[in-house]
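Thanks for coming. I will keep this short and stay with what can be computed from the coordinates.

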Amino acid sequence: MLKDFLEGKPLRHPLHPFLVHFPIGLFILSLLLDLVSLGFPSVPNLVRDAFYAMLIGIIGALVAAVPGFVDYTDIRNDHPGKRTATAHLTLNLIVVGLYGINLGVRSSTLNALRTSAGPVILSLVGIALLSVSGYLGGRLVYDEGISVGRHKRRTPTPENTLHLTTGENSEEVIAFRSPKRRALAIEKHCAWKLTAR
Amino acid sequence: MQWLLDFLKGKWLRHPLHPILVHVPMAMWPSALIFDLLSRWNGNAMVRLSFYAIIFGLVTSLLAVPTGVVDWSGIKKEKPAWKIGLYHMILNLVAALLFAINLGLRVHTFREDAFVAGAPLVLSIIGTALLIGSAYLGGLMVYDYGISVARMSKKKWRGIAKAGGANLPAE
C-alpha cells in the first residue's frame, strides 16, 4: 500500500521524477546566485539567498530519495537498466553529501558580499555530478522504460531470470523467469546447476 | 532543417531535451511561492530570492518551448496524447504569462519589500497550481502514454525482441 503510494500508482505518475525537479532547479539557482555575487557584490543578500536555495534544494533531495529508492528496488537485478540505476543512486548520494558539506561551510558566512571559493567549487562539482546523474535518471525512463506504464501493472515485480545448466562450465539448458523456490525444485529433481546471473 | 528538429528532439544526447529543460521553471515557480510564504519570517532576502527564481524560470521556460512544440508535433493527431499535449501547452502558456505579470508587479518593489503579499502572492499561488496541473499532464504523456520513450533506442529494443523470437510488426 505504502509502496504503491511511493511508486505513484494512485496518481498514475511516478513520484520520484516529479520531486527531483526541485533539487535540480534549486541547486542550479544557488550556483547562479554565487556567480552573480562574485560579479556584483554590491547586490545585497545574494550569498544568503544562494544558501536558502541550497537548503530547500537539499530538503527536496531528501524527500525525493524515498520514492527514488522504492523505484530502485522495483527494478529486477538482471534488468539492463539496473547498473544505470545503481550509478544514478550512488551519484545522487555523493551529490547530497557534497551539498550537505557545502551548506555547512557557507552557513557561517551568510553576511559576506561574495561567496568564497570553496563553496563555489563544491557547487560546481555538485552540479557537474548532478547533471550526469540526472541524465542517467532520464536514460532510465526514456531508454529503459523504467516506471513507464508501471501503474497499469497488476502483477508484482517480475523475478530475476534464472539460468539452469547441466553442471560446471557446461552449456546453458534453460533461462527462465520464475519464483526461485520453483527453480530450486527443478535443480534438485534434475541434478542441474542453477545460476542466477 | 532536419538537423534542427533532431537537435531539439535531443537525438544527439540520446535523451529528449524538453523534460531536461523544464526542470528549471518547474522548480523555480513553485519555489517562488515557497519563498513568498517564507518572506513573512526571513524578510527581504526571500523577496529577492523569489524574484530571481521567477526570472530564471521565465528565461528557461522560453528555451523549453521549441523543444516541447517539436515533441508535440511528432505525436499523431488521433492519439489521446495529442490532446493532452495541447492542454499541457495551453496551461504552460497561461502559467508563464501569469508569472511574467507577477514579475512585472514586483520589479519596482522587490529591492525594499519586507514580505510578499497581495496580488503577487495570489498570482504565485494560481501560477503554481496551473503549472503543477500542466506538469502532471506532461508526466502522463511520458509515464502513461510513453511519449518520447525509446525514441532513440528503438533499434536496440527491436534487436532484443527479435533475439527473443518476437513477431515484430514492420518498421
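This is a predicted model: local features need pLDDT of at least 70, side-chain atom pairs count only at pLDDT 80 or more; totals for chains, interfaces and linings use all residues.

Residues are numbered from 1 along each chain as its sequence is written, and chains are lettered from A and ligands numbered from 1 in the order in which they are written.

Chain A, then. Its secondary structure comes to seven helices and three strands. Helices here are DSSP runs of H or I with at least four residues, strands are runs of E with at least two, and both are numbered from the N terminus. Along the sequence the pattern reads α-α-α-α-α-α-β-β-α-β.

How much of chain A is buried? Of its 197 residues, 37% are. Buried is when 20 or more other C-beta atoms lie within 10 Å of the residue's own, exposed is 12 or fewer, and partly exposed is in between, with C-beta atoms placed from the backbone. For contacts, the rule is that two C-beta atoms, again placed from the backbone, lie within 7 Å. Taking contacts in chain A between residues at least 6 apart in sequence, 69% join residues at least 24 apart.

One residue as an example: A:L103, in helix α5 (residues 82–106) of chain A. With 17 other C-beta atoms within 10 Å, A:L103 is partly exposed. Leaving out residues up to four places away in sequence, A:L103 touches A:M54, A:L55 and A:I58. From A:L103 to A:L122 is 19 residues in sequence and 9.8 Å in space, C-alpha to C-alpha.

Now the contact between the chains. It takes 30 residues from chain A and 31 residues from chain B. On the chain A side, α2 (16–19), α3 (21–39), α4 and α6 (117–142) each supply at least two residues. Which helix gives the most to that side? It is α3(A), with nine residues. By type, the chain A side divides into 17 nonpolar, eight polar and five charged residues. In this scheme Ala, Val, Leu, Ile, Met, Phe, Trp, Tyr, Cys and Pro count as nonpolar, Asp, Glu, Lys and Arg as charged, and the others, Gly among them, as polar.

Within that topic, look at the two α4 helices. Two packed helices are described by the angle between their axes and the distance between the axes. The axes of α4 (residues 46–73) of chain A and α4 (residues 44–73) of chain B come within 10 Å and cross at roughly 70°. Axes are lines fitted to C-alpha atoms, for helices over the stretch in contact, and angles run from 0 to 180 degrees between N-to-C directions. The two helices are therefore roughly perpendicular to each other; the label covers 65 to 115 degrees, with under 35 roughly parallel, over 145 roughly antiparallel and the rest oblique. A:R48, A:D49, A:Y52 and A:A53 meet B:A45, B:R48, B:L49 and B:Y52.

Staying with α4(B): how far apart are its end C-alpha atoms? They are 43 Å apart, which agrees with the 44 Å that its 30 residues should span at 1.5 Å a residue. The expected span is 1.5 Å times one less than the number of residues. There is a bend of about 30° at B:A64, and a proline, B:P66, follows within four residues. A bend is the angle between axes fitted to the seven residues ending at a residue and the seven starting there.

B:P66 turns up again in the contact with α1(B), where B:L5, B:L8 and B:K9 meet B:P66, B:T67, B:V70 and B:D71 of α4(B). That contact has four nonpolar residues, one polar and two charged.

Last, the loops. Most residues other than glycine have a negative phi, and most peptide bonds are trans. A:R12 has a positive phi of about 60° and is not a glycine. A:R12 sits in the loop between α1 (2–6) and α2 of chain A. In chain B, the phi of B:R14 is also positive, near 55°, and this residue is not a glycine either. B:R14 lies in the loop between α1 and α2 (18–21) of chain B.
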